[in-house]
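Look at the model below before reading on.

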Amino acid sequence: MTESTIELIDPTPEQRHQWQSLVDRIVEAQDEYYGRDAPTLSDAEYDQLMRDLIALEEALPGLRTPDSPTQRVGQAVRNEFPPVTHPERMLSLDNVFSESELMDWVARAQRTVADAGREVTRWLCELKIDGLACDLVYQDGRLVSGATRGDGRVGEDITPNVRAIKAIPQRLRGANVPPLVEVRGEVFFPVADFEGLNASLVEAGKAPFANARNAAAGSLRQKDPQVTASRPLSMICHGLGVHDGVDVTVQSGAYELMAGWGLPTSPYYKVVGTPAEIAEYVTWVGQHRHDPSILHELDGVVVKVDDLDDQAILGTTSRAPRWAIAYKFPPEEVNTELLDIKVGVGRTGRITPFAVMTPVRVAGSTVARATLHNAFEVKRKGVRIGDIVVLRKAGDVIPEVVGPVVELREGRETREFVMPTNCPVCGAELRPEKEDDKDIRCPNSEHCPAQATERLAALGARGALDIEALGYEAAAALTNPVEGTPVLSNEAGLFDLKAEDLAHVMVQRQNKDGETTLEPFFFTKGDGKKRSEPTATALQMLREIDVAKDRPLWRVLNALSIRHVGPVAARALAARFGSMDAIRAASVEELTQTDGVGAVIAQSLSEWFEVPWHANIVERWAAAGVRMAEDVAPVGEQPLAGLTLVVTGTLTGFSRDGATEAITSRGGKASSSVSKATSYVVVGENPGSKAAKAEEMGVPILDEAQFQALLDGGPDALAS
């Protein structure tokens with residue numbers, strides 16, 4: 001079917017209604033985003049609407065009109081600021097959402113340029129800044145105008161506010177400053193300052209911003225430039241519009257000129273020569289997008305044909321250049337409903353509010369809960385139960401509620417969160433440990449079933465005693481059964497457990513008809529004909545508990561849930577004192593002489609052993625045969641004494657914990673970050689950014705065979 005034949009197809013009334021509904025929703029979203037700086041849709045939802053509209057118009061070109069959102073840039077200006085016409089039209093960018101789509105765009109660009117008898121040999125790759133597009137005009141080196149993009153032809157005159165941004169020079173410097181130049185870039189709000197701004201707004205009784213992009217837009221479009229000046233806005237320049245007396249042949253050359261004039265440019269752009277190198281850059285940005293050195297939010301990568309002659313061949317559409325594309329990462333921010341705020345009880349008694357939300361998919365997984373840390377955090381974020389909230393899963397790690405979409409509160413029933421005054425599990429009165437402490441705790445650490453469950457589950461974790469079958473459900477069944485007396489009131493009796501102790505532990509389960517029944521957790525169900533016996537998982541748990549008796553001292557110490565004592569401090573203490581008795585007998589001053597153990601850790605450790613039921617745990621574990629001492633090697637037998645090593649990637653002969661243990665047991669220090677103090681970086685398969693950083697800093701890199709040689713004979717073994 002030819003294109004002309006397709007255009008003759010008359011859309012049905014239902015298809016016209018579908019098109020109009022999409023256009024109306026997109027226009028409304030654009031007005032919220034560009035005009036009011038108060039979007040109610042997440043970026044992912046908006047992108048999907050645009051994709052749906054593009055697909056519909058491609059299938060039925062007769063629906064497409066010149067004023068369709070697919071054919072124009074941004075949104076018409078509002079009346080808050082005077083209008084200003086851009087010297088040269090400001091275009092937007094088309095988006096792709098997968099690497100295959102990106103490579104398809106690259107191939108199309110290559111074919112178009114090849115048809116003109118040329119070859120694309122240079123591609124400029126840069127970070128896609130999640131900020132507000134801004135246009136600057138300099139005459140004779142002096143800043144005369146600053147404007148928003150608007151509809152691409154007419155923007156809003158925000159010159160006084162632009163002058164308030166410290167990163168934007170009032171005058172260009174250098175000997176080759178042109179008589180006229182139009183500069184394009186993105187104004188952004190630094191990530192590190194965003195949370196502080198929202199906290200100050202909530203404290204002043206004002207609505208918080210949903211994300212850093214909104215904070216940038218809202219701060220830049222203030223009626224009072226002093227408000228703009230009070231906020232740490234910055235800018236990165238990434239293009240030229242109209243220019244007089246500027247001689248450049250490649251886009252990257254314009255970047256060099258702008259930097260020479262004193263304009264802020266990104267240090268992260270890179271010119272590459274092949275599609276494979278483009279893909280490498282995209283991968284690198286994906287791995288580093290949350291590095292602290294990157295001050296702004298970013299949501300993808302922009303790829304441009306670098307040569308200006310090639311750009312001219314490719315041309316533009318009505319809204320975007322054909323010589324540039326934005327590759328957008330999978331969304332890390334989505335909107336969802338905050339159904340409730342509940343509290344959980346941690347292993348040290350800390351009461352933590354958490355958000356219960358309508359399940360939503362973000363950054364590759366479905367999320368229904370997210371921590372809110374404490375009551376102060378809930379208030380600081382300004383969220384209410386019933387809000388539509390912005391949920392973020394930065395770095396594909398821990399989900400967090402960023403803040404409310406305040407504009408959607410109208411017509412919704414919302415209510416403030418009130419922190420409970422009593423423990424939701426044991427009923428003890430909650431209180432802060434210190435007068436100025438933001439956290440409140442359940443003081444009933446010995447008898448609170450929730451704390452016992454959390455401690456038991458934590459000691460079974462890989463970083464502690466590594467009892468795989470002792471997960472949270474098993475820990476809850478042992479300490480907090482639905483009926484009867486707990487098998488364990490705390491962790492003291494863990495190593496005394498026998499199979500018969502588990503026979504009567506019952507839990508609630510739903511059968512296939514949805515009915516709740518009581519069933520044994522550790523034993524098979526059994527009946528009059530079939531004997532009830534321990535399950536395979538229960539027997540595995542008992543075997544693993546027995547094996548765990550011989551774990552190294554640092555793991556035993558880490559398993560005791562002593563506040564502030566984590567794996568690093570536990571390793572250091574075990575290496576220095578050699579036995580639980582010696583650690584227990586040490587004074588606070590002696591403890592602080594241990595590398596990595598400060599006054600807070602030492603005080604917490606000393607106070608923990610003074611509690612009688614804590615001491616009972618150690619004594620019962622020792623009586624059951626748990627290892628309570630290490631064979632501390634003499635200094636002369638510690639080949640890694642004074643060395644700091646970083647391990648990155650997968651080693652065939654060592655787990656991550658195994659490699660760390662091998663280093664520390666030989667007197668070395670295992671670190672998680674590369675610095676000037678790093679002696680060696682051990683690189684396995686699929687290493688992360690630490691390997692690259694080691695190369696940059698000139699830190700010696702070892703493969704696994706060299707690492708083993710170092711463990712066996714110290715640095716001298718590497719020289720041989």
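Is K381 buried or exposed? At 6% relative accessibility, K381 counts as buried. Here buried means under 20% relative accessible area, exposed means over 50%, and partly exposed lies in between, with a 1.4 Å probe and protein chains only.

This is a predicted model: local features need pLDDT of at least 70, side-chain atom pairs count only at pLDDT 80 or more, and totals for chains, interfaces and linings use all residues. Residues are numbered from 1 along each chain as its sequence is written, and side-chain values use heavy atoms, with hydrogens and water left out.

**Charged pairs**

Side chains of opposite charge can pair when their charged atoms come close. A salt bridge is a side-chain nitrogen of Lys or Arg within 4 Å of a carboxyl oxygen of Asp or Glu. The whole structure holds 25 salt bridges.

| Pair | N to O distance |
|---|---|
| R319 and D94 | 2.9 Å |
| K304 and E126 | 2.9 Å |
| E400 and K381 | 3.8 Å |

Take the pair of E400 and K381. E400 sits in strand β16 (residues 400-404) and K381 in helix α12 (residues 375-381), 19 residues apart. Helices (H or I, at least four residues) and strands (E, at least two) are DSSP runs, numbered from the N terminus. E400 is partly exposed, at 24% relative accessibility. Through shared partners, salt bridges join E377, R380, K381 and E400 into one network.

Now take R319 and D94, which also form a salt bridge. R319 lies in the loop between α11 (308-314) and β11, and D94 in the loop between β1 (83-85) and β2, so the pair ties together parts that are 225 residues apart in sequence. R319 is buried, at 13% relative accessibility. D94 is partly exposed, at 29%.

**The sheet**

Five strands make an open sheet with mixed pairing, in the order β2-β11-β10-β3-β9. Two strands pair if DSSP finds at least two bridges between them. The edge strands, β2 (95-96) and β9 (270-272), each pair on one side only.

Strand β3 (residues 123-129) pairs with β9 in the antiparallel sense, over three bridges. There, W123 has V272 as its bridge partner. β3 also runs antiparallel to β10, joined by seven bridges. I129 stands opposite L298 in β10.

How many residues of β3 are buried? Seven of its seven residues are. K304 is buried, at 6% relative accessibility. E126 is buried too, at 7%.

**Empty space**

Rolling a probe the size of a water molecule over the atoms shows where empty space is left. On a 1 Å grid over the protein atoms alone, a cavity is a set of points where a 1.4 Å probe fits but cannot get out; lining residues have an atom within 4 Å of a point. A volume is the space filled by probe spheres set on the points, which are joined across faces, edges and corners.

The structure has two cavities of 30 Å³ or more.

Technical notes: On a 1 Å grid over the protein atoms alone, a cavity is a set of points where a 1.4 Å probe fits but cannot get out, and a pocket is an open set with protein on both sides within 12 Å along at least five of seven lines; lining residues have an atom within 4 Å of a point.
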